[in-house]
Amino acid sequence: GGAGGEPRQGGRTGLDEGAFEGAADVVRALRAAGADPDDVDDEHGTTPLGWAAYACQPDVQTILRRVTSTG
């Protein structure tokens with residue numbers, strides 16, 4: 001993890017946080033700015049898509065499923 005070089009809060013990227021919170025607008029904005037959807041967090045090794053699934057955020061899952069290459 002950490003290869004993406006994104007700023008992290010508690011081991012998670014902004015994309016992880018936005019996905020977990022179901023903030024589709026934030027997720028879209030971060031993706032437009034080049035955030036890596038395949039970057040995994042430091043603690044659980046989970047992608048933003050994994051966080052969206054964990055938090056039951058179907059709209060964000062739909063956005064991220066198109067751009068995530070790993071589980």
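This is a predicted model: local features need pLDDT of at least 70, side-chain atom pairs count only at pLDDT 80 or more; totals for chains, interfaces and linings use all residues.

Student: Which residues of helix 4 are buried?

Tutor: In helix 4 (residues 58-65), they are Val-60, Gln-61, Ile-63 and Leu-64. Viewed down the helix axis, these buried residues fall within an arc of 160°, so they line one face of helix 4.

Student: Which exposed residues does the face turned away from the buried side carry?

Tutor: That face of helix 4 carries Pro-58, Asp-59 and Arg-65.

Student: What is the overall layout of the chain?

Tutor: From the N terminus on, the elements run β-β-α-α-α-α, which gives 4 helices and 2 strands. Of the 71 residues, 35% count as buried. Among contacts between residues at least 6 apart in sequence, 59% join residues at least 24 apart.

Student: Now the rings. How is a pair of aromatic rings described?

Tutor: By the distance of the centres and the angle of the planes. In this structure, a search of the whole model finds 3 aromatic pairs. One of them joins Phe-20 and Trp-51: the ring centres are 5.7 Å apart and the planes stand at 85°, over the 60 degrees cut-off, so the pair is edge-to-face.

Student: Where in the chain do Phe-20 and Trp-51 lie?

Tutor: Phe-20 is in helix 1 (residues 14-21) and Trp-51 is in helix 3 (residues 48-54). The two are 31 residues apart, and their pair links distant parts of the chain.

Student: Is Trp-51 buried or exposed?

Tutor: Compare the relative accessible area with the cut-off. Trp-51 has 10%, under the 20% limit, and therefore counts as buried. Phe-20, at 35%, is partly exposed.

Student: Which other residue forms an aromatic pair with Trp-51?

Tutor: Tyr-54 does, with 6.2 Å centre to centre and 90° between the planes, again edge-to-face. Trp-51 and Tyr-54 are 3 residues apart in helix 3, so about one helical turn separates them. Tyr-54 is exposed, with a relative accessible area of 63%. Through ring pairs, Phe-20, Trp-51 and Tyr-54 are linked into a cluster.

Student: Which residue has its charged end over the ring of Trp-51?

Tutor: Arg-12; its charged end sits 5.4 Å from the centre of that ring.

Student: How much accessible surface does the chain have?

Tutor: The total comes to about 3,900 Å², and carbon and sulfur atoms account for 50% of this surface.

Methods. Residues are numbered from 1 along each chain as its sequence is written. Side-chain values use heavy atoms; hydrogens and water are left out. Rings of Phe, Tyr and Trp (its six-membered ring) pair if their centres lie within 6.5 Å; planes under 30 degrees apart count as stacked, over 60 as edge-to-face and the rest as tilted. Buried means under 20% relative accessible area, exposed over 50%, partly exposed in between (1.4 Å probe, protein chains only). A charge sits over a ring if NZ of Lys or CZ of Arg is within 6 Å of the ring centre and within 35 degrees of the ring normal. The arc is that of the directions from the helix axis to the C-beta atoms. Contact means heavy atoms within 4.5 Å. Accessible areas come from the Shrake-Rupley method with a 1.4 Å probe; for residues, only the protein chains shown count as cover.
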